[in-house]
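Please look through the sequence and the model shown here, and then read the briefing that follows it.

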Amino acid sequence: MKIAVEGCCHGELDKIYETIEFIEKKENFKVDLLLICGDFQSVRNKSDLQCMAVPQKYQRMNTFYKYYSGEKSAPVLTIFIGGNHEASNYLQELPYGGWVAPNIYYMGYANVLKFGGVRIGGLSGIYKGKDFTKGHFEHPPYNEESKRAAYHIRNLEVFRLKQLTKPMDIFMTHDWPRGIYDYGNTSQLLKTKQFLREEIESGSLGSPPAEELLMKLQPQYWFSAHLHVKFAAIVQHKAPEGEEKITKFLSLDKCLPRRKFLQILDVPHDPQEPLKLQLDTEWLSILKLTNHLLSLKRGSIYMPGPGSQSRWEFKPTIEEENRILEDFGGDLCIPDNFQRTVDVFDPNEGKCKVRPPVTMVNPQTTLICTMLDITDPNAVFLGQDSSSNILDVSGEGACDADDDDDVDEDETEIDSEPSFVSFVDSDQSYSSLLSSSNADDSIMSLGTAGDLSIDNRDPVKELSSSILTNPVEISLSDEEAEFKAIMEAQKKKESAESPKDPNVDEEDEDDEFKAIMSAQKEHSLSVDPLVGQTLRPLTQSSPASSDERSDTEVTRKTNNLALNTSKRADGSESEDSPQSKKFKRRNQQIYNSELGDEETA
């Protein structure tokens, strides 16, 4: 099964689909699924633009509205998570996931889905410590604070994802797991993105909750975006002797010419499973069991834990999962029940009055909430649900306007309520036992169809600078043998005393660095190899990561750092900090040879 992975979309659906079509014709295969790692920008009309926390120059309609209206149709099934550049009012209509347009599916705040037996998880948004423990209090119309808080991840979704026990094949987040840069070619990353140096050296780059999920879920693949750079890494997890458990991490750039924004993977799937999008019984059970933990209050809400008087583990039993399956009539295929809820942008109308965004109840959310008997936040905000105990009634809500705006009946297009049961196909069987273990890694990474920059390198093999001459012709077994050889070489280097690098001075090889590396191996990645300190718990706020940076700010900061890195204020040449030396030395020890320069943004 061919899966295409996109970095940041930024509303450029036409260009992404055109690029995929170009690849399909050139390589003579069909892409089965497209995964987009955030900043999707599902803008339907000008009202949606008011709900995006971006500078005005980036508030553009782009092309999504054509897919929402039906003018165009997505040529490949598309699944995406939310980022920090989103029309949050639309995505908040679908907190548990749903179709934003025909053949384009949003995963909601968090979700687990199946496609062809491949298990795909996702977490939308970015991490901000100040909002992590709050309830989902935001809803349209937003003020400037709530417009941003709406895309910050919450401890509820992270808590729910931690209840998962079944193997995960693919997981997506918009921002990177904290510390992931330590498992790839960090020096090459800093050549491309110099402004990240300070956060990397302080250990603050990335999301602490995503880091915990990475170590807990240990998926085969982890895809991210956000920092607008292609970066690959390998995380080796603790496993029983004789076994190997790794996660292949890949982050991609945004959709622009000459950028590495798209990667195509050949992922094995269960041939007994249909290539249809399906819900996951374990995840549905967790949603149902933890519904009482949902809060719509602005104040902090803490998840239960050991020593709590109430239940604090919600790993579903087989009986609980079977009851979910029965409730859905034995069929977890997601029905094609997309419905428009607002008017669509018309480029021929010219200037017209922009209506303020309002809270909407989406029929897809109504359906899933009815099936699971869980709470629809928007129904609560509109007074259509009596769950007032989870609602912020203190007058400290996020909205400047009243919270009880009614739905404008003229804007809705709601037909009779669909049902999962009505879509049952009795000939299909949807029990999946697959957890892909030997997926072929990549085929190519491209720019837009009009200006392609083909990269025939496997992102994982980039770590050992092994370049594929023709990846399409390489068999799965050959690639796996080479990949295992790479990993074996890395393990030998970590376990044995590494020989001195000729490029490193004798005096730089200090005992502290050796102790850090030894502790990392012994404690299965529970020690930050950069600073040698125990990783911070989630209850502490991490310094703000690289969210909400505009391209102009990034360029300015990069230029300033480039000018100031080589010289001190007094004009003398600067030297690398001890931490920088350590982590350069670490990369030199792990990787046998240097990569060629990747093209920079």
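**Helix 1 and its surroundings**

Helix 1, which covers residues 13–27, has 15 residues and reaches 21 Å from its first C-alpha to its last, close to the 21 Å expected at 1.5 Å a residue, where the expected span is 1.5 Å times one less than the number of residues. This is a predicted model, in which local features need pLDDT of at least 70 and side-chain atom pairs count only at pLDDT 80 or more, while totals for chains, interfaces and linings use all residues. Residues are numbered from 1 along each chain as its sequence is written, and side-chain values use heavy atoms, with hydrogens and water left out.

**Helix 1**
- The buried residues of helix 1 (buried means under 20% relative accessible area, with a 1.4 Å probe and protein chains only) are L13, D14, I16, Y17, T19, I20, I23, E24 and E27.
- After helix 1 comes N28, which has a positive phi near 60°.

- When its neighbours within four places in sequence are left aside, I104 is in contact (heavy atoms within 4.5 Å) with residues including L13 and Y17.

**The whole chain**
- The protein chain holds 17 helices and 14 strands, which are DSSP runs (H or I, at least four residues, for helices; E, at least two, for strands), numbered from the N terminus.
- Of the 601 residues of the protein chain, 58% count as buried.

Definitions and conventions
Buried < 20%, exposed > 50% of the residue type's maximum accessible area, 1.4 Å probe, protein only.
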